[in-house]
Amino acid sequence: MSEDKTPTDIIVQELEDLEKKDFKKFKHKLSDFRYEGTKRKIPRGKLENADEMDVASLLIEFYGEDSAVNVAIEIFTKIGLKNSAVKLQEEKETVLIQPQSTRSLSVATLSWKMTQDYRPKYKEHIREKYQLIEERNNQIGECVELNTRYTKLLIVKEHRDQKERKHEIRAKGKEHAEIMAKRASSTKLETLFDASGNRQTPLRTFVLQGAAGIGKTMLAKKLMVDWAFGKLYPGKFDYIFYINSREMNCISERRSVADLILNNCPDRNAPIKDILVNPEKLLFIIDGFDVLKFSFDQQESSLCTDPCQTKPVEIILSSLLRKTILPKSYLIITTRPTALDKLRQCLKFPHIATILGFSEEDRKEYFCKFFANAIQAKQALDFVKENEMLFTMCFAPIVCWILCTVMKQQMESGEDLAKSSKTTTSVYMLFLSSLLDNHSTSKESVHTDLKKLCSLAADGILNNKILFEEEDARKHGLDGSDIQSLFLTKNIFQKDIGFESIYSFIHLSFQEFFAALFYLLVEDEEKGCDSVTLKKDVNEILKNYGKSRDNSLTLTVRFLFGLLNKERMNHTEKIFGCKISPEIKQDLLKWFGSVAKRSCGLTFRSLQEKRFQLELLHCLYEIQEEEFVKSAMDHFQEIGLSNINFTKIDHMVLSFCIKNCRNEQSLSLNDCTFGLEEQEERQESVLRKLVPWELAEKEPKYSPPHLLCQALKDLECKLKKISLGCCRLTSACCEDLASALKTNQSLKELDLSGNKLGETGIKLLCKGLKHQNCGVQKLGLRGRSLTATSLGDLASVLTKNQSLTELDLSYSKWGDLGVKLLYKALKHPNCKLQKIKLECCLLTAACCDDLASVLTTNQTLTELDLRNNELRDSGVKHLCAGLKRENCKIQKLVLSNCYFTGVCCGAFSAVLSKSQSLRELDVCYNKLGDAGMKLLCDGLRQPDCKLQKLRLTGCGLTPACCEDLSVVITTNQSLTELNINHDALGDSGMKRLHDGLNSTSCKLQMLILNGEAIKRDGDGKGDEEGYNGDEDCNGDDGYSGDEDYNPEDHL
């Protein structure tokens, strides 16, 4: 007989019904399983060769008879054998829980037996009813399993003070996730009713409060399903009944508690009297108390005590809440915080907990459940984490659902998330419309109440206020409206010896969204719902933000731009019944132009200023209207964003704006990172636990500047110059860069200095540079990653690219060999190079003969920079031999700190007297001495000397050379600038030079002496100015990128 069965019997029976592969799965899962936090688990060795009877015996041995069946049920569920789990649960309930005595049964015992007989049927009904859910966007008949969507929520019992709440509202991104994690206590559904603190008796009434969209209903349904599967409250509750508050609002007939119970049953034949015999075994879940339209202000005398007595639904619910009916039963009520005061009046000794939403780990779990494809889950999660505001809002399950739904649609249609993703504004709009679709009443009331909510939000933003008293809500007409309960959360804080109710938006970002909407909504005098206390002047808020860079206005201004997108303006009118003024768009464009021009006009940009420039680009990204963005970007001639670590969303924003540059702008990204490498490392450890890593590794890899290169390939992009110095780029980036070079014909200057591109990378880059469509004229590759092989590839570019005129290869380590590799290319008739910089390339005198040959052959080369190389006297003499030749076209020669002495100044003198092209000579920081200077002056005095600028800083000069220099100043008719900074010329020497400068025959326009720049005016007199350093000793033109870029810091 079934009554004689033991736990071992029913476990063996189910195991014997399994197929061989399923039994193997069962043992494998069991070997890794720990039951309800216990440390014990069955060793794998004991299970390896165990048959069905052995496994059952091991379950009893390790977990005891009471828990062995529960463990088996849970293992069946985990390996997807739900039918086996259900059958075992039913066997447990019908066989093991029955009384073992065969004595005559009392009436109560008979009732109990009948109840036990009905319970499996009821649980099966609950499983069927609640384990499948319809999502908001499902087609008719489409469902998903609740367990494939449900992810545990953070539930906390502790109360927050005002300071904690403010911190939580303001926090964003990682900081917000960390606060959520810290707030999480050990509160779980399993222990919800356990006695806690000083309370010895079990809790019978529990209130779960949470904002709209936080997952209250899903939690209630999950509770029903887990109980029906025997996972939750086994033995504690015989029955759990779900009461939908929205359905209660629609019932006009009289009802009884018995009727509410029967509404949950599979049929009307349920043994209602038997069910009610043990009220302490009953749990009622009232879901959505906040939507109930009843007053609940009845007198105690009007309530009922008989569960079978029919009364108006309001009386029945009030009786349940106040425990006049079934006082020993248990209650869980879910509600929004705004209805707490009303609920408290109905309850006796309730315990209240707050649903905070998803922790960071929970968000990851949700994404992995939503996307069956592990690669897609990882892509989506990575993308959202890069957008600080979206990741913050993912604490709300409904936001996770919206984002996952949108991204899944994009992936399935083959779209790239980085190119087609929703903006922050659009996601907030989807969130708000989703809440209104499912929770609000008429569009008319939404229209009216929305403006009041926006007024409250703007008032708070202007006054730096995020917690509102009830008086604030009343002042703006928000006393108990639907909108108020949707978007405001209520907090009860202790004040003196009492309490006060304080309202806040569910997150500061929502307050900022509604504040932006306040400034955009068209005035509607007929409806009289605009705030009478606030002036709507969008220019005022823009002016304040532009001047102060106030972070409290950053997101509000972003939303101003985002809400003015045409599609979203139409959406606002359709969903909210409110019109947005399109004229404000021109105000925004005018403001953008003024702050962009001011920012571009700064000679020095602080990191704060650069971040502000990036924030302006974020604003343009939000509006997503290319004509508007093009007009706005026309005001940005120089986009300087150096020293910024770009997130993926920053990268998307930059790329979107760059492709809309049509005015030959310059972009500097020196010392920036694009975040992809760090992100991959950060995600790896977590995702190994969440997804099959062998699948995740198949995800397409993109180089850090991939999106930027895609923007450069856009036909509308007319960017002229881009600097990517020291951006930690590697060979992986060069294919994208080469592809952009083959397409973009507007790009004239490219700087990739200080990056380890490697031989493979340089080879790929050179393919792009050799392409007929490449228009790059100026190329920077400063750094020590160029090898001899790379130079060979680069040499082929010089003979084929007809546009490249400037090349900077400074700080390379290939030495004289490099010159030999470039030698033939530089002499090739197709080489059009005009300027080449070889600073600090470990060159010696050995390469100077080759360089001299190049100087006499190449008819386009006009500038040669060899500073900081040990050329010494012999090397410089070889160079001078080439410089003297008639065919040499060099106009500017930089030889500072090249370790030569006055010995070679005779050779320089010969060059100066013969060269018809040399206009600038820099010999700073070489030991010329007075004797060398005398020889140099001989050449400067020659009538055929065409030199215009001479730099002699740090050449060991004394007052003895000043007589010769003074003569040069008064006789040379071409010299306009002379730099003798940092030399000990003494007072007598300085006087001689001043006398020469004041001569009427002097053509010199600027003389730089010991920190003073002396400029001649029109009448020949010199004016002294302070001079800070020597701009030419480290770079004649200065570096073409940002002012704070230094490649030596990265070598």
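The model is predicted, so local features need pLDDT of at least 70, side-chain atom pairs count only at pLDDT 80 or more, and totals for chains, interfaces and linings use all residues. Residues are numbered from 1 along each chain as its sequence is written, and side-chain values use heavy atoms, without hydrogens and water.

**Stop 1: asparagine 49.** Select asparagine 49, in the loop between helix 3 (44-47) and helix 4 (52-78). Helices (H or I, at least four residues) and strands (E, at least two) are DSSP runs, numbered from the N terminus. Asparagine 49 is exposed, at 73% relative accessible area. Exposed means over 50%, buried under 20%, and partly exposed in between (1.4 Å probe, protein chains only).

**Stop 2: helix 29.** Select residues 584-600. These 17 residues reach 24 Å from first C-alpha to last, close to the expected 24 Å (1.5 Å times one less than the number of residues). Color the buried residues, among them Trp591, Phe592 and Cys600.

**Stop 3: glutamine 777.** Glutamine 777 sits in the loop between helix 37 (758-769) and strand 16 (778-780). Glutamine 777 is partly exposed, at 35%. Show lysine 748 too: 29 residues separate the pair in sequence, but 5.0 Å in space, C-alpha to C-alpha.

**Stop 4: lysine 800.** Find lysine 800 in helix 38 (residues 788-800). Its relative accessible area is 52%, so lysine 800 counts as exposed.
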